[in-house]
Amino acid sequence: MADAKPMSIPADPSVRLGKSMGPNGPEEEAEMKKVPFKEAVGSLSFAPQVTRPDISFAVNAVSQFGSNPGRQHWEAVKKIIRYLKGTTTNKLEYSKRGSSELVGFSDADWGGDPDNRRSTTGYVFTMQGGAVSWNVKKQLTVALSSCEAEYMIFEEEPVLIYCDNQGAINIAGNGAYNPRTKHVSIRYHFVHESLKEGAVKVKYIPTTDQPADGFTKLLAIQKQQRFCGLVGVTN
């Protein structure tokens, strides 16, 4: 990949990886056995944990196909490498002019996994203008609505958490339960009590200003650049 053409985004937002993209026939299967897929993904896994939250979602996506990767999965890995090649000077940056308050942002897609329709959770906590903690993970259960998907991601941190889903905030804040949300595990309703006790605060934020959005989906160039700015990744 030393001579590969750099990319301005870590992945193609129009392509959602799935198990159906595995090897198509003996020829592709033999070809993929020669590809260092797991080694490449393993090499990529460190950066999004410590300094490059901007590739967290893309790396999380390709890491799910290590047991049976296909050509499209391998192309996705190479795109991440090409993006890193074009952004080698990017880094997390903190500023004394930034807010010293620890603030959290949470988001979730709805049924984004094409194989099992589980939603992906993303959150980021910022301080002094940059991200200090973030994560991307698949939810353990299938959510029946976007409201439910986002309600299931709240953490019980004693800080301000921004969410772009009014329905999820409504459930968390006043217990607006209905028959469609009864099957949500009781442990998720713990956040309602935490709000009443003042342990957490939840406020609405428009999706356009939501930095956690980049932890739940692939973004086009302009949105990717804005995402980097919101989490403090600069060149």
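Reader: Which residues touch the most other members in the largest nonpolar core?

Author: Keep in mind that this is a predicted model. Val62, Val77 and Val124 touch the most other members of that core, which has 36 residues.

Reader: And which elements give two or more residues to this core?

Author: Those are α2, α4, α5, β2 (103-108), β4 (130-138) and α9 (221-231).

Reader: Back to valine 77, what does it touch?

Author: Leaving out residues up to four places away in sequence, Val77 touches Phe37, Ala40, Val41, Leu44 and Val62.

Reader: OK, switching to α2. Which of its residues are buried?

Author: In α2, which spans residues 37-44, the buried ones are Phe37, Ala40, Val41 and Leu44. They sit on the same side of α2 because they cover an arc of only 95 degrees around the axis.

Reader: What's exposed on the other side of α2?

Author: Lys38, Glu39 and Ser43 are exposed there.

Reader: What covers the buried residues of α2?

Author: The cover includes α3 (47-50), α4 (56-62) and α5 (71-86).

Reader: How do the axes of α2 and α5 cross?

Author: The two axes come within 11 Å and cross at roughly 35 degrees, and the crossing is left-handed.

Reader: Which residues in α5 do the α2 ones meet?

Author: Phe37, Ala40, Val41 and Leu44 in α2 meet His73, Trp74, Val77, Ile80, Ile81 and Leu84 in α5. By class, that contact has nine nonpolar residues, one polar and no charged ones.

Definitions and conventions:
Residues numbered from 1 in each chain as written. Predicted model: local features only at pLDDT ≥ 70, side-chain atom pairs only at ≥ 80, totals over all residues. Heavy atoms only, no water. Buried < 20%, exposed > 50% of the residue type's maximum accessible area, 1.4 Å probe, protein only. Helix = DSSP H or I, 4+ residues; strand = E, 2+ residues; numbered from the N terminus. Arc of directions from axis to C-beta. Contact = heavy atoms within 4.5 Å. Axes fitted to C-alpha atoms, helices over the stretch in contact; angles between N-to-C directions. Left-handed = near helix turned anticlockwise from the far one by under 90°. Nonpolar A, V, L, I, M, F, W, Y, C, P; charged D, E, K, R; others polar. Core = buried A, V, L, I, M, F, W, Y, C linked by side-chain atoms within 4.5 Å.
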